[in-house]
Amino acid sequence: MHVADHLPPDELRALADAATEKRRFLRVRAVILAREGRTAPEIAAALGCSRRGAQDWVARYNADGPGGLDDRPRPGRPSFLTPEMADRLRRRIDAGPAPEDATCALRGPEVRALLGREFGVLYSLPAVYALLHRLGYSCLDPRPSHQKADPEARELFKKKVAGRIDDVGRAHPGKRVEVWFEDEARFGQKGTLTTVWARRGSRPAAVRQTQYDDLWVIAAACPASGAAAGIIMPQLDTPTINLFLKEFSRQLAPDVQAVLIWDNAGFHISGSRLLPPNVSVIQLPPYSPELNPIENFWHYLRSHYWSNRVYEDWEALKGAAVEAMAAVGTDAERIKSVCAAPYLDRRESAGIN
């Protein structure tokens with residue numbers, strides 16, 4: 001193929017090395033190979049593209065130089081919704097179902113009907129799903145929220161927790177403050193199910209165990225460092241929590257004062273609770289599990305390790321709990337991701353530790 005003499009070979013190779021996107025790199029490589037005398041079928045075989053594609057890339061380079069290898073705009077069909085209408089649709093979806101929707105959740109068919117009824121536009125169902133993705137929506141399971149939860153108390157906690165953590169630092173000069181979150185989870189033969197890949201149109205089966213052995217996993221995680229600590233016990237009470245606190249305290253570095261954020265369970269506030277000197281606690285507002293990212297840790301363990309399985313007895317449960325804790329609890333990057341606490345970002349971005 002003929003290649004126009006826009007750039008010398010060394011500059012073409014530098015252009016390929018500088019490409020940050022695979023498709024542009026392949027286009028430049030096609031020009032380089034054509035300049036070396038390769039045919040279109042040979043270029044296609046070397047780059048994994050079609051012969052017509054290789055010819056088109058060289059033709060674009062011949063006509064417009066290196067700029068001809070840039071992505072071209074793809075206008076496509078204009079959206080039925082104006083930007084103002086898209087914003088109004090977001091507000092409508094965020095507000096949840098209205099009485100006229102006659103449903104408990106706005107799924108694809110309901111959004112399609114809503115678009116026709118309130119916006120005067122008709123979408124196919126696949127186009128509705130594509131629209132929702134473009135607007136930034138995904139189909140997600142809601143987080144359970146207790147009916148007694150107080151939104152104002154949650155927001156006040158998020159505003160004040162940084163100051164309370166700073167107070168701990170001032171009360172322990174010379175110590176490095178680490179923020180940890182703690183919680184407990186029951187794991188047993190009352191099995192749970194998690195999603196699996198299966199053939200479209202099928203209904204895959206998985207065993208949901210219905211026996212009665214169980215145990216308790218008590219764990220704490222530090223989102224900033226990715227560290228985690230935990231114990232596995234047959235029961236949960238104040239002596240168990242004292243045992244956990246003793247082990248947790250032992251694992252902390254000598255120069256660390258830990259701030260342990262947890263809920264108001266009776267064994268957390270019991271008068272017989274024994275708090276080590278290198279551990280300070282902050283209580284979460286009542287009915288506010290969404291403020292405790294260790295909840296995501298339990299969800300991760302159940303969805304990746306503890307579901308769709310049968311456990312013969314307590315020893316099998318203990319083995320599965322130990323295996324999962326060892327795999328995830330020692331993976332610092334995983335802990336940082338799964339147990340992230342965005343509402344603490346302001347304190348961390350200010351360089352307070």
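This is a predicted model: local features need pLDDT of at least 70, side-chain atom pairs count only at pLDDT 80 or more; totals for chains, interfaces and linings use all residues.
**Entry 1: the cores**

I began with the largest nonpolar core, which has 37 residues. Which of its members touch the most others? They are Ile261 and Phe297. I then looked up the elements that give two or more residues to this core: helices H8 (151-171), H11 (294-306), H12 (314-329) and H13 (332-338), along with strands S1 (176-190), S2 (210-222) and S4 (256-262). Another core, of 21 residues, lies apart from it, and Leu236, Phe244, Phe267 and Val279 are among its members.

Next I picked out Phe297 and set aside its neighbours within four places in sequence. Its contacts are then Ala219, Met325, Val328, Ile335, Val338 and Cys339.

**Entry 2: two single residues**

Is Thr238 buried or exposed? Its relative accessible area is 13%, under the 20% cut-off, so Thr238 counts as buried. I found this threonine in helix H9, which covers residues 238-251. Leaving out neighbours within four places in sequence, Thr238 is in contact with Phe267, Ser270, Ser272 and Arg273.

I then turned to Glu36, which sits in the loop between helix H2 (22-35) and helix H3 (40-47). Glu36 is exposed because its relative accessibility of 52% is over the 50% cut-off. I also checked how far Glu36 is from Gly116: they are 80 residues apart along the chain, and their C-alpha atoms are separated by 58 Å.

**Entry 3: salt bridges**

A reminder to myself: side chains of opposite charge can pair when their charged atoms come close. How many salt bridges does a search of the whole structure find? It finds 22.

I looked at Arg90 and Asp87 to start. Their closest N and O atoms are 2.9 Å apart. Both residues lie in helix H5 (residues 83-94), three residues apart, which is about one turn of the helix. Arg90 is partly exposed at 28% relative accessible area, and Asp87 is partly exposed too, at 38%.

Arg250 is exposed at 58%, while Glu247 is partly exposed at 25%.

Some salt bridges share partners, and these join Arg92, Glu100, Asp101, Arg117 and Glu118 into one network. Within it I looked up the pair Asp101 and Arg92, with closest N and O atoms 2.9 Å apart. Both Asp101 and Arg92 are buried.

Terms used: Residues are numbered from 1 along each chain as its sequence is written. Side-chain values use heavy atoms; hydrogens and water are left out. A nonpolar core is a set of buried Ala, Val, Leu, Ile, Met, Phe, Trp, Tyr and Cys residues joined through side-chain atoms within 4.5 Å. Buried means under 20% relative accessible area, exposed over 50%, partly exposed in between (1.4 Å probe, protein chains only). Helices (H or I, at least four residues) and strands (E, at least two) are DSSP runs, numbered from the N terminus. Contact means heavy atoms within 4.5 Å. A salt bridge is a side-chain nitrogen of Lys or Arg within 4 Å of a carboxyl oxygen of Asp or Glu.
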